[in-house]
Amino acid sequence: MIALVDYGAGNLTSVRKALTALGADFTVPSTPEDCRRAQALIVPGVGHFGATARLDAQWRDAIGSAAASGTPLFGICVGMQWLFEGSDEAPEATGLGAIAGRITRLDGNADRRLKVPHVGWNSLEFRGQARLLRGLATGAQVYFTHSYAAPVTAECVASTTHANTFSSVVERDNIFGVQFHPEKSGEAGLTILRNFLEVCG
Amino acid sequence: MLTKRIIACMDVRDGQVVKGVQFQQLRHAGDPAALARRYNVEGIDEVVVLDITATLESRQALARTINAVAHEIFLPLTVGGGIRSEEDAAAAVDAGADKVSLNTAALRRPDLITTLARRYGSQAVIVAIDAKRRDDGFAVYVRSGTTDAARDAVAWAREAEARGAGEILLTSMDRDGTKAGFDCEMTAAVSDAVDIPVIASGGAGSVDHFADVFTRGHADAALAASIFHYAESSVSELKQYLRANGVPVRL
């Protein structure tokens with residue numbers, strides 16, 4: 001059973017709908033202990049990094065130790081940002097720290113008419129082999145909506161450029177994350193979700 | 001590169017898609033879920049469902065319609081029309097909307113923008129502005145275009161952004177349903193005044209109108225209804241044309 005972690009950031013309806021359409025068996029954990037027993041963990045999220053403050057030390061310990069023992073962990077949008085150490089959007093909130101680095105604001109440039117938030121379809125530039133990206137080609141387009149983004153680290157398997165070049169897909173062993181919304185990215189997004197479900201077995 | 005978005009709007013009344021001219025003379029255009037399915041195959045980037053009678057008849061957006069559309073597409077879905085309170089917005093979100101569009105209610109209760117942005121994030125809150133040209137600028141109308149709100153569209157868009165709106169949906173009432181082209185000047189005036197994306201609406205009649213509003217109008221996205229409903233121009237043909245004319249689109 002996959003645990004879909006609900007920490008009150010926006011709505012889970014779209015993620016639930018996509019997982020259901022793909023035939024995934026999932027549940028929303030009510031306690032941190034439920035995460036320790038899960039076959040895989042998905043941390044979704046739309047909105048503000050501050051909402052992740054609800055994932056307190058107990059939740060971080062449970063999710064962190066499950067991930068350390070090899071349980072696949074997938075962060076989506078703010079959920080991916082939370083895999084890092086923290087974010088300038090809400091300095092008081094602590095990230096999981098599974099990936100080193102900090103989330104910073106995209107630097108808009110008025111002269112080039114680049115707006116922040118970055119809203120819409122943009123392309124993934126592949127940087128290496130990734131299980132999450134099987135069946136897709138570099139240049140695949142997916143739907144983003146965010147103002148803050150992750151740095152390009154060793155875990156970055158695809159990057160995207162809007163003002164800055166940032167990590168749009170991260171993958172390291174059993175840790176996965178996407179800055180965009182696979183549940184809102186048409187066929188490309190469903191392929192990525194399906195790839196994660198295959199990793200989960 | 002971030003692409004320009006093509007958004008299909010479905011004006012819904014009693015569970016059916018309808019379309020008028022300059023907010024009048026409604027005619028039927030089909031079943032929302034069936035249209036959504038077709039648009040998805042053709043490559044639409046987003047879908048908007050507007051419950052057009054909701055404001056006047058005090059009805060909430062039809063949860064059943066939202067749900068049916070949300071099951072057809074894995075694309076961003078916006079719902080508007082008659083969203084007056086946090087409860088109305090929650091009902092739309094629970095039914096499957098990713099974003100809600102506020103119009104009359106945002107002007108009457110601007111704090112609603114902030115409340116919803118805090119609850120769902122700014123990306124989930126669109127402020128829809130219906131405006132007409134006037135000698136001194138662009139006048140905002142509310143209550144389905146029946147009432148002069150005594151506000152200027154540019155100033156109101158700025159305020160909406162400051163209060164937490166994530167996007168502006170700007171409809172030219174002069175052009176709505178006329179197929180005479182988008183109001184590029186009005187769109188550029190609003191788009192240049194805010195940092196959030198502006199969706200241009202009203203007047204789409206041919207593929208070159210879209211190219212115009214993305215270049216001269218500085219629009220981030222363009223929305224149309226009848227041009228897609230009656231298959232006068234398919235979404236894929238439109239996108240091929242835009243790409244050939246140097247406008248980045250998702251193909």
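1. Two residues are taken to be in contact if their C-beta atoms, placed from the backbone, lie within 7 Å. On that basis, 28 residues of chain A touch 26 residues of chain B. The model is a predicted one, with an ipTM of 0.91 and a pTM of 0.93.

2. On the side of chain A that touches chain B, the elements giving two or more residues are α1 (13-21), β7 (118-123), β9 (141-146) and α5 (186-200) of chain A. The most is given by β7(A), with 5 residues. By residue class, this side of chain A holds 15 polar, 8 nonpolar and 5 charged residues.

3. Chain A contains 13 strands and 5 helices. Its C-alpha atoms fill a box of roughly 50 × 40 × 30 Å along the principal axes. Of the 201 residues in chain A, 55% are buried. Among contacts in chain A with a separation of 6 or more, 69% join residues 24 or more positions apart.

4. An open sheet of 8 strands in chain A runs in the order β2-β1-β3-β4-β13-β12-β11-β8, with mixed pairing. A:L73 has A:I175 of β13(A) as its bridge partner.

5. Most residues other than glycine have a negative phi, and most peptide bonds are trans. In chain A, the peptide bond between A:V116 and A:P117 is cis, with omega about 15 degrees. A:P117 lies in the loop between β6 (102-105) and β7 of chain A.

6. B:A150, in strand β9 (residues 147-152) of chain B, has a positive phi near 55 degrees. B:A150 counts as exposed because it has 10 C-beta neighbours inside 10 Å, and the cut-off for exposed is 12 or fewer. B:K179 also has a positive phi, near 60 degrees, and is found in the loop between β10 (167-172) and α8 (184-193) of chain B. With 16 C-beta neighbours inside 10 Å, B:K179 counts as partly exposed.

7. As to confidence, the average pLDDT of chain B is 89, and 91% of the residues score at least 70. Where pLDDT is low, the predicted coordinates should not be read in detail.

Methods:
Residues numbered from 1 in each chain as written. Chains lettered and ligands numbered in written order. Predicted model: local features only at pLDDT ≥ 70, side-chain atom pairs only at ≥ 80, totals over all residues. Helix = DSSP H or I, 4+ residues; strand = E, 2+ residues; numbered from the N terminus. Nonpolar A, V, L, I, M, F, W, Y, C, P; charged D, E, K, R; others polar. Buried ≥ 20, exposed ≤ 12 C-beta atoms within 10 Å, placed from the backbone. Pairing = 2+ DSSP bridges. pLDDT = per-residue confidence, 0-100.
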